[in-house]
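Please read the points below alongside the coordinates. They move from the aromatic side chains to the sheet, then to the metal site and the core.

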Amino acid sequence: MAEEKEGTDLFCGINVPDDPDNLTDLEKKHLPVITAPDEVKAGECFEVTVEVGKLLEHPNKRSHFIGFIELYQGDLYLARVDLTPVTTCPVLKVCVSLEKECGPLRAFEWCNLHGTWKATKEIAVSE
Ligand SMILES: [Fe+2]
């Protein structure tokens, strides 16, 4: 497969970029991009968007597609969207209300050909 990472089994573990400042095309297609405030107040609603293919469009066809996107705060599960090959825009968009510091926002996406990929975004929760 032309897009394999050299010497890496993409289905063994969770994939992250080797060098976040110098992304490969494979990494650009799969890395979830989290858009959220840097700081929020406890109990106040805010919007979080997780986009896959924002940096470089990911294919969406029966043979190659994004199957799901999940969002966590640390290890706390927040949201999930299940996708199919006809979902042309792999995006998770939710309103969230965090109660306390519980770790960074973490997003995971799964591609049927290239495994699970993770992105992290720090977020401060003030009282
Ligand atoms: Fe893929």
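1. Is F68 buried or exposed? F68 is buried, since its relative accessible area is 17% and buried means under 20%, exposed over 50% and partly exposed in between, with a 1.4 Å probe and protein chains only.

2. On provenance, this is a predicted model in which local features need pLDDT of at least 70 and side-chain atom pairs count only at pLDDT 80 or more, whereas totals for chains, interfaces and linings use all residues. Residues are numbered from 1 along each chain as its sequence is written, and side-chain values use heavy atoms, with hydrogens and water left out.

3. Rings of Phe, Tyr and Trp (for Trp, the six-membered ring) are taken to pair if their centres lie within 6.5 Å, with planes under 30 degrees apart counted as stacked, over 60 as edge-to-face and the rest as tilted. By this rule there are three aromatic pairs. One of them is F68 with W110, which is stacked because the ring centres are 6.3 Å apart and the planes stand at 10°. This pair links distant parts of the chain, with F68 in strand β5 and W110 in strand β8, 42 residues apart; W110 is partly exposed, at a relative accessible area of 27%.

4. The rings of Y72 and F108 have centres 5.6 Å apart and planes at 90°, so this pair is edge-to-face. Here too distant parts of the chain are linked, Y72 lying in strand β5 and F108 in strand β8, 36 residues apart. Y72 counts as buried at 17% relative accessibility, and F108 counts as buried at 9%. Ring pairs also join Y72, Y77 and F108 into a cluster.

5. Two arginines should be read together with these rings. A charge is said to sit over a ring if NZ of Lys or CZ of Arg is within 6 Å of the ring centre and within 35 degrees of the ring normal. The charged end of R80 sits over the ring of F68, 4.2 Å from its centre, and that of R106 sits over the ring of Y72, 5.9 Å from its centre.

6. Helices (H or I, at least four residues) and strands (E, at least two) are DSSP runs numbered from the N terminus, and two strands pair if DSSP finds at least two bridges between them. An open sheet of five strands has the order β1-β9-β8-β5-β6, with mixed pairing. β1 (14–15) and β6 stand at the edges with a single partner strand each, so one side of each is left without a neighbour in the sheet.

7. Within this sheet, β5 and β8 run antiparallel and are joined by seven bridges, while six bridges join β5 to the antiparallel strand β6 (residues 76–82), where D82 is the bridge partner of F68. The hairpin of β5 and β6 has two residues between the strands, and G74 takes a positive phi near 60° there. Strands β8 and β9 are antiparallel over seven bridges and form a hairpin with three residues between them; F108 stands opposite K118 in β9. β1 and β9, by contrast, pair in the parallel sense over two bridges.

8. The iron ion is coordinated by H30 (NE2), H58 (NE2), H64 (NE2), C111 (SG) and H114 (ND1), at 2.1 to 2.3 Å. Donors are N, O and S atoms within 2.8 Å of the metal (3.2 Å for Na, K and Ca), and water is not among the atoms, so sites may look incomplete. H30 is buried, with a relative accessible area of 0%, and C111 counts as buried, also at 0%. C111 is the bridge partner in β8 of I66.

9. A nonpolar core is a set of buried Ala, Val, Leu, Ile, Met, Phe, Trp, Tyr and Cys residues joined through side-chain atoms within 4.5 Å. The largest such core has 22 residues, of which I34, F46, V48, V50, I69, L98 and L105 touch the most other members. The elements giving two or more residues to this core are β4 (45–51), β5 (66–73), β7 (91–97) and β8.

10. A last point concerns K100, in the loop between β7 and β8, which is exposed, with a relative accessible area of 53%. Leaving aside neighbours within four places in sequence, K100 is in contact (heavy atoms within 4.5 Å) with Q73 and V125.
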